[in-house]
Amino acid sequence: MIPFKTQLAAAVLAFASLSLHAQNWIPLGPDDGNWPSPGATNFTSLKLDLSGNPVVAYRDEANGAKTTVQRWNGSAWVLVGPAGISAGEADYQSLALDASGNPVVAYRDNANGYKTTVQRWNGSAWVLVGAAGISAGFTNYQSLALDASGNPVVAYQDVANGSKTTVQRWNGSAWVLVGAVGISAGPAGAQSLALDAAGDPVVAYLGVGSKTTVQRWNGSAWVLLGGTAGISAGP
């Protein structure tokens with residue numbers, strides 16, 4: 001039989017181990033509330049820079065429901081530019097960081113016809129990538145990624161085109177469609193975009209039958225991955 005003192009020591013060590021493990025989560029801010037924003041927020045999008053520090057974009061209800069971006073500098077949250085960088089209220093913020101760690105953000109720009117707008121931090125100011133409102137009309141579910149050159153690619157629900165999925169790429173001087181407008185078979189939502197090693201977009205979305213569908217741009221056309229729409233068992 002194991003002596004009681006030995007059992008007790010083992011229990012204490014086990015508890016200490018669990019306690020230390022539980023403290024692996026570190027609040028980035030003054031308390032466990034961890035509030036980098038001054039008030040209520042929505043549509044939070046997070047990325048990490050090369051040092052592992054988080055950068056976050058969100059709809060900032062305390063600042064006119066505009067888009068605000070903040071960076072953790074290792075000891076405090078600091079605004080990237082001013083609070084509220086969008087022209088007015090904005091939704092569906094999607095954030096990416098370029099090779100220098102500068103943020104790029106896409107959002108539904110409610111002050112500009114509810115269209116998709118993309119802005120880039122150039123190190124000293126926020127600048128539009130192209131013009132405000134790059135989509136044909138009303139959009140939702142912006143999803144942003146950057147290619148190897150730092151050029152943004154964005155997917156969204158294109159309400160002006162049958163609520164289908166549309167993808168656009170910034171070529172350095174203009175926004176161009178990747179394929180045609182409305183690449184999905186019908187209305188689609190909850191778009192999520194990624195780029196492969198060649199910089200070609202792959203997009204997943206809620207499509208036909210409310211199932212998940214994935215399409216890849218092969219350089220000349222959009223193709224369904226798996227050869228069929230709706231890869232999930234159900235909605």
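A salt bridge is a side-chain nitrogen of Lys or Arg within 4 Å of a carboxyl oxygen of Asp or Glu. The views below show such pairs in a predicted model.

**Figure 1. Salt bridge between D147 and R169.** The side chains of these two residues meet with an N to O distance of 3.5 Å. D147 belongs to the loop between β9 (139-146) and β10 (152-158), while R169 is part of strand β11 (residues 164-170). The pair thus links distant parts of the chain, 22 residues apart. Both D147 and R169 are buried.

**Figure 2. Salt bridge between D98 and R120.** The closest N and O atoms of D98 and R120 are 3.7 Å apart. Because D98 is located in the loop between β5 (90-97) and β6 (103-109) and R120 in strand β7 (residues 115-121), the pair ties together parts that are 22 residues apart in sequence. D98 and R120 are each buried.

**Figure 3. Salt bridge between R216 and D196.** Here the N to O distance is 3.1 Å. R216 lies in strand β15 (residues 212-217) and D196 in the loop between β13 (189-195) and β14 (201-206), so this contact ties together parts 20 residues apart in sequence. R216 has a relative accessibility of 30% and therefore counts as partly exposed. D196, with a relative accessible area of 26%, is also partly exposed.

**Figure 4. A network of salt bridges.** Five residues are linked in this network: R59, E61, E89, D91 and R108. Across the whole structure, a search finds eight salt bridges. Side chains of opposite charge can pair when their charged atoms come close.

Definitions and conventions. Residues numbered from 1 in each chain as written. Predicted model: local features only at pLDDT ≥ 70, side-chain atom pairs only at ≥ 80, totals over all residues. Heavy atoms only, no water. Helix = DSSP H or I, 4+ residues; strand = E, 2+ residues; numbered from the N terminus. Buried < 20%, exposed > 50% of the residue type's maximum accessible area, 1.4 Å probe, protein only.
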